[in-house]
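Colleague: I have the sequence and the fold open on my screen. Can you walk me through the strands and the surface?

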Amino acid sequence: MTTQVTDNPDRSRFEITDDGELAGFAEYFRPENENEIAFIHTEIDPAFAGRGLAGILARAALDAAREQGADVLPYCPFIRGWLGKHPEYVDLVPQAQRTRFGL
C-alpha cells in the first residue's frame with residue numbers, strides 16, 4: 001500500500017491517495033491577507049476505513065501548516081480531536097484561540 005498526501009489548493013483541501021486512488025480529504029479555508037488555515041471538514045471514503053488514513057492525513061496537513069508558519073483553526077471535529085490526542089501539535093493553534101476549540 002502506497003499512501004500519499006498532497007495539497008490541492010484549487011479545491012482547498014489536502015488529499016490522501018492509496019495506491020493512486022483518492023481515499024479522502026481535509027477541506028480548508030485560507031483567508032486572504034492572513035497566514036492561517038481553517039480546517040473545516042475531513043472525510044475518508046468508507047472503502048478505506050480502518051486503515052489509519054485519517055490520522056496520516058491530519059498529520060501531513062498539520063505538518064504542512066507548520067512548514068508554512070500558518071496558524072491553524074481546527075473547526076473540523078476530526079482535526080480538533082486529533083490535536084487533542086497529539087499535544088505536540090497544539091502550538092499551531094494560536095494561544096488566544098485554544099480555549100475556543102477546547103485545547
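Colleague: Which residue in β2 is the bridge partner of Thr 6?

Modeller: One caveat at the start: this is a predicted model. Strand β1 covers residues 3–8 and runs antiparallel to β2. Six bridges join the two strands. The bridge partner of Thr 6 in β2 is Glu 15.

Colleague: Which residue in the hairpin of β1 and β2 takes a positive phi?

Modeller: This hairpin has four residues between the strands. The residue in question sits in the loop between β1 and β2.

Colleague: Is Ser 12 buried, partly exposed or exposed?

Modeller: Ser 12 has a relative accessible area of 30%. Buried means under 20%, and exposed means over 50%. The value for Ser 12 falls in between, so the residue counts as partly exposed.

Colleague: On to the next pair. Which residue of β3 is the bridge partner of Thr 17?

Modeller: β2 and β3 run antiparallel. Six bridges join them. In β3, the partner of Thr 17 is Leu 22.

Colleague: What is the phi of Asp 19?

Modeller: Asp 19 lies in the loop between β2 (13–18) and β3 (21–29). The hairpin of these strands has two residues between them. Asp 19 is a residue other than glycine, yet its phi is positive. The value is near 50°.

Colleague: Which residues form the negative surface patch?

Modeller: Asp 19 turns up again here. It is exposed, with a relative accessible area of 54%. Patch residues need over 30% relative accessible area and no salt bridge, so Asp 19 clears the area cut-off. The members of the patch are Asp 19, Glu 21, Glu 43 and Asp 45.

Colleague: Which residue in β4 is the bridge partner of Phe 29?

Modeller: Strand β4 spans residues 36–44. It runs antiparallel to β3, and six bridges join the two. The partner of Phe 29 in β4 is Ala 38.

Colleague: Which residue in the turn between β3 and β4 has a positive phi?

Modeller: β3 and β4 form a hairpin with six residues between them. The phi in question is about 65°. The residue is Asn 33.

Colleague: Which residues make the nonpolar surface patch?

Modeller: The patch has an area of about 300 Å². One member is Tyr 75, found in the loop between β5 (71–74) and α2 (77–85). At 36% relative accessibility, Tyr 75 counts as partly exposed. Patch residues need over 30%, so Tyr 75 passes that cut-off. The patch is made by Phe 29, Ile 40 and Tyr 75.

Colleague: Is Leu 73 buried or exposed?

Modeller: Leu 73 is placed in strand β5. Its relative accessibility is 8%. The cut-off for buried is under 20%, so Leu 73 counts as buried.

Colleague: What distance separates the C-alpha atoms of Leu 73 and Pro 94?

Modeller: Along the chain, Leu 73 and Pro 94 are 21 residues apart.

How values were computed: Residues are numbered from 1 along each chain as its sequence is written. This is a predicted model: local features need pLDDT of at least 70, side-chain atom pairs count only at pLDDT 80 or more; totals for chains, interfaces and linings use all residues. Side-chain values use heavy atoms; hydrogens and water are left out. Patches are made of residues with over 30% relative accessible area and no salt bridge: like charges are joined within 9 Å, nonpolar side chains (Val, Leu, Ile, Met, Phe, Trp, Tyr) within 5 Å. Accessible areas come from the Shrake-Rupley method with a 1.4 Å probe; for residues, only the protein chains shown count as cover. A salt bridge is a side-chain nitrogen of Lys or Arg within 4 Å of a carboxyl oxygen of Asp or Glu. Lys and Arg count as positive and Asp and Glu as negative; His and the chain ends are not counted. The place of a charge is taken as NZ of Lys, CZ of Arg, CG of Asp or CD of Glu. Buried means under 20% relative accessible area, exposed over 50%, partly exposed in between (1.4 Å probe, protein chains only). Two strands pair if DSSP finds at least two bridges between them.
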